[in-house]
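Let's look at this structure together and ask what lies behind the terms used for it. Each answer sets a value beside the rule that applies.

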Amino acid sequence: MKTTTKLGLLFVAITSAHPVWAADQTVTLEDGRQVVLHDDFTWSYSQQPDVALSANSTTTKPATTVEAIPVKSDLNTQSAIPVITVAKVSLTSPKNIQQISDSGVDILLQAPRYEDGELFIPTMMTNQGSKSVMSVALRVTLNDADNQKLESKDVVLWRSIKRMPDTYFRAKTQEHGKDIIFSVPKMDNYTIQAEVIDIELW
């Protein structure tokens, strides 16, 4: 295969794996020659000065060669994993329970109340995105203070009707979501696990 073809394939492979370029990148070919891949999608041979090596010296690669294989951080992968959060629910505290964010929608679980054998957790949502939200659903599990499961359910907090704009949860607005209701014995403290299982944008 011609050198030009090899360089082209090498350039395509590297740019596909690392689409964001901060500066020129240097790679070493199989025959030892070095090529500079420029951020404007062109390339050229690297001009290496002739250096006389003494018997005691060792051959070292230029520092730019290391930059030819940028290290991809694992932080993006970690942040992409959906988080199931655990929070304390206290009937003796007026504080909100927790906030969950997904797809540009912030979901606030507000301070709980207990009435007629049922625990009520009001919700408030903020659409931070640029699209209307058609539906929002959570999977919630309520445990007692000893982390023993009391009840688990899927709750649709918001549902719009397509082609009925008056029902849309529009961008940059806030709306009250449906209350999360559990039929459980009254206790001072519970814990709750909440996970977003559906957000539909329009």
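Q: Which residue in β12 is the bridge partner of Leu 138?
A: In this predicted model, Leu 138 has Val 196 as its bridge partner in β12.

Q: What makes β9 and β12 a pair of strands?
A: Two strands pair if there are at least two bridges between them.

Q: In what order do the strands of the open sheet come?
A: Four strands make up this open sheet, in the order β4-β12-β9-β10, with antiparallel pairing. Strands of a sheet pair through backbone hydrogen bonds.

Q: Why are β4 and β10 called edge strands?
A: Each of them, β4 (85-90) and β10, pairs on one side only. On average, neighbouring strands of this sheet are turned by 30° against each other, direction ignored.

Q: How do you know that β5 and β6 pair?
A: At least two bridges are needed, and five join β5 (residues 98-102) to β6 (residues 105-109). These strands run antiparallel, and Ser 101 stands opposite Asp 106 in β6. The hairpin of β5 and β6 has two residues between the strands, and Ser 103 takes a positive phi near 55° there.

Q: Why is the pair of Trp 158 and Phe 169 called tilted?
A: Ring centres must lie within 6.5 Å to count as a pair, and these are 5.4 Å apart. Planes under 30 degrees apart would be stacked and over 60 edge-to-face; here the planes are at 50°, so the pair is tilted. By this rule the count comes to one aromatic pair.

Q: Which parts of the chain does the pair of Trp 158 and Phe 169 tie together?
A: Trp 158 lies in strand β10 (residues 149-159), while Phe 169 lies in the loop between β10 and β11 (174-182), so the pair ties together parts that are eleven residues apart in sequence. Both Trp 158 and Phe 169 are buried.

Q: What makes the contact of Asp 179 and Arg 113 a salt bridge?
A: The limit from nitrogen to carboxyl oxygen is 4 Å. For Asp 179 and Arg 113 the N to O distance is 3.8 Å, so they form a salt bridge. It links distant parts of the chain, Asp 179 in strand β11 and Arg 113 in strand β7 (residues 113-115), 66 residues apart. Arg 113, Glu 115 and Asp 179 are linked in a network of salt bridges.

Q: Why is Asp 179 called partly exposed?
A: Partly exposed covers the range between buried, under 20%, and exposed, over 50%. Asp 179 has 24% relative accessibility, so it counts as partly exposed. Arg 113, at 33%, is partly exposed too.

Q: How do you know that the charged end of Arg 113 sits over the ring of Phe 120?
A: The distance part of the rule asks for within 6 Å of the ring centre. The charged end of Arg 113 is 4.6 Å from the centre of the Phe 120 ring.

Q: How many salt bridges does the structure hold?
A: The structure holds five salt bridges. One of them joins Arg 139 to Asp 154, with the closest N and O atoms 2.8 Å apart. Arg 139 is in strand β9 (residues 133-144) and Asp 154 in strand β10, 15 residues apart.

Definitions and conventions:
Residues are numbered from 1 along each chain as its sequence is written. This is a predicted model: local features need pLDDT of at least 70, side-chain atom pairs count only at pLDDT 80 or more; totals for chains, interfaces and linings use all residues. Side-chain values use heavy atoms; hydrogens and water are left out. Rings of Phe, Tyr and Trp (its six-membered ring) pair if their centres lie within 6.5 Å; planes under 30 degrees apart count as stacked, over 60 as edge-to-face and the rest as tilted. Buried means under 20% relative accessible area, exposed over 50%, partly exposed in between (1.4 Å probe, protein chains only). A charge sits over a ring if NZ of Lys or CZ of Arg is within 6 Å of the ring centre and within 35 degrees of the ring normal. A salt bridge is a side-chain nitrogen of Lys or Arg within 4 Å of a carboxyl oxygen of Asp or Glu. Axes are lines fitted to C-alpha atoms, for helices over the stretch in contact, and angles run from 0 to 180 degrees between N-to-C directions.
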